[in-house]
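Colleague: I am new to reading structures. Could you walk me through one?

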Amino acid sequence: MKKITIIGSGNIGLSLAKGLVKSGLYPAQSITLTRRSLTGLAEYATQGFQISSDNAVAVKDAEIIVLAVLPQQVNKVLDEIKASINPQEQLFTSVVSGVTCKNIREKLFDDLQVVRVMPNTSIAIQQSMTCIATDNASVESLKIVKDIFDTVGMTIQIQEDLMTSATALCACGIAFFLRSIRAASQGGVEVGFHAKDALMMAAQTAKGAADLLLQLASHPEHEIDKVTSPKGCTIAGLNEMEHNGFSSAMIKGIKTSAKIAGELYTKE
Ligand SMILES: NC(=O)C1=CN([C@@H]2O[C@H](COP(=O)(O)OP(=O)(O)OC[C@H]3O[C@@H](n4cnc5c(N)ncnc54)[C@H](OP(=O)(O)O)[C@@H]3O)[C@@H](O)[C@H]2O)C=CC1
Ligand SMILES: O=C(O)[C@@H]1CCC=N1
């Protein structure tokens with residue numbers, strides 16, 4: 001168990017903090033949360049987390065630092081903490097989209113080990129798909145990061161140049177699949193269910209579909225073929241969706257998100 005400081009405890013920073021505590025391996029007391037406005041962190045202090053609005057102080061004792069501010073807030077934060085960083089003792093991780101390991105070292109220290117991590121918000125319930133990449137961290141440091149994120153979902157190590165693609169597919173992907181579930185529930189209401197029931201039914205159906213792929217290591221089309229009875233209602237609905245661009249919309253959306261993810265830091 002290591003001391004962790006999360007700089008920028010907003011949506012993803014807090015989701016990570018909650019997931020680590022839920023995993024049982026990291027007590028709240030080992031995690032320091034920072035943001036400029038501490039009112040948003042008051043409830044976390046009552047749960048045992050350390051909270052601070054002073055990034056420079058908050059990183060001093062940390063063995064692992066997680067940078068989780070917006071891309072346009074990164075430079076100011078790195079300037080603030082530079083004097084408190086010890087590159088020999090600390091491991092620097094960043095979940096910031098579009099900011100490379102090299103970008104971070106250029107602002108801090110050449111010999112600082114930096115690992116980029118791209119989780120998604122389901123990290124709060126230990127269900128994240130987390131992508132990990134580095135261009136200089138040791139095998140031991142990578143293992144430390146992987147071990148942490150393995151407690152809050154599934155991890156995969158990828159090449160750093162695929163990190164913006166990973167952002168689109170997995171981090172933004174949560175929103176894409178949620179919108180699909182919401183749309184399915186809206187269809188459910190049209191065909192007769194109350195909204196609350198329709199949403200629960202759509203969500204559990206989506207979960208079942210995902211688990212068919214994950215638990216059986218199966219391919220979507222193989223599972224689809226089992227649902228589409230000849231001349232049946234599934235193929236009729238599925239083809240209607242495809243005529244309206246269902247797959248195409250998802251593919252185009254992911255490509256657009258990946259492009260924008262790569263531009264976020266430079267758009268400062
Ligand atoms: N949301 C998501 O699903 C994912 C987001 N990411 C990445 O994570 C990062 C954060 O995104 P998200 O959580 O959505 O954004 P949020 O705006 O919710 O969180 C950013 C947090 O940073 C805090 N902050 C801003 N400036 C400072 C500062 N100088 N010192 C300390 N804290 C600061 C803000 O609080 P305050 O204003 O009070 O300081 C805010 O709580 C982004 O870079 C994004 O690309 C990556 C994966 C998934
Ligand atoms: O929308 C965003 O820019 C961030 C990055 C991935 C998820 N949320």
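**Around the ligand**

Modeller: Start with ligand 1. Helix H1 (11–22) and helix H4 (74–81) each give at least two residues to its shell. Helices here are DSSP runs of H or I, at least four residues long; strands are runs of E, at least two; both are numbered from the N terminus. This is a predicted model: local features need pLDDT of at least 70, side-chain atom pairs count only at pLDDT 80 or more, and totals for chains, interfaces and linings use all residues. Residues are numbered from 1 along each chain as its sequence is written, while chains are lettered from A and ligands numbered from 1 in the order in which they are written.

Colleague: Which residues come nearest to ligand 1?

Modeller: A residue is near a molecule if its C-beta atom, placed from the backbone, lies within 6 Å of it. Of the 28 residues around ligand 1, Gly8, Gly10, Arg35, Arg36 and Ser97 come nearest. H1 supplies the largest share of the shell, 3 residues.

Colleague: How many helices and strands are in the chain?

Modeller: The chain has 12 helices and 8 strands.

Colleague: Where do the domains lie in the chain?

Modeller: Domain bounds come from an automatic or database domain assignment. Here, domain 1 covers 4–160 and domain 2 covers 173–263. Their C-alpha centres are 32 Å apart.

Colleague: How many residues of domain 1 are in contact with domain 2?

Modeller: Contact means that two C-beta atoms, placed from the backbone, lie within 7 Å. By that rule, 5 residues of domain 1 are in contact with 5 residues of domain 2.
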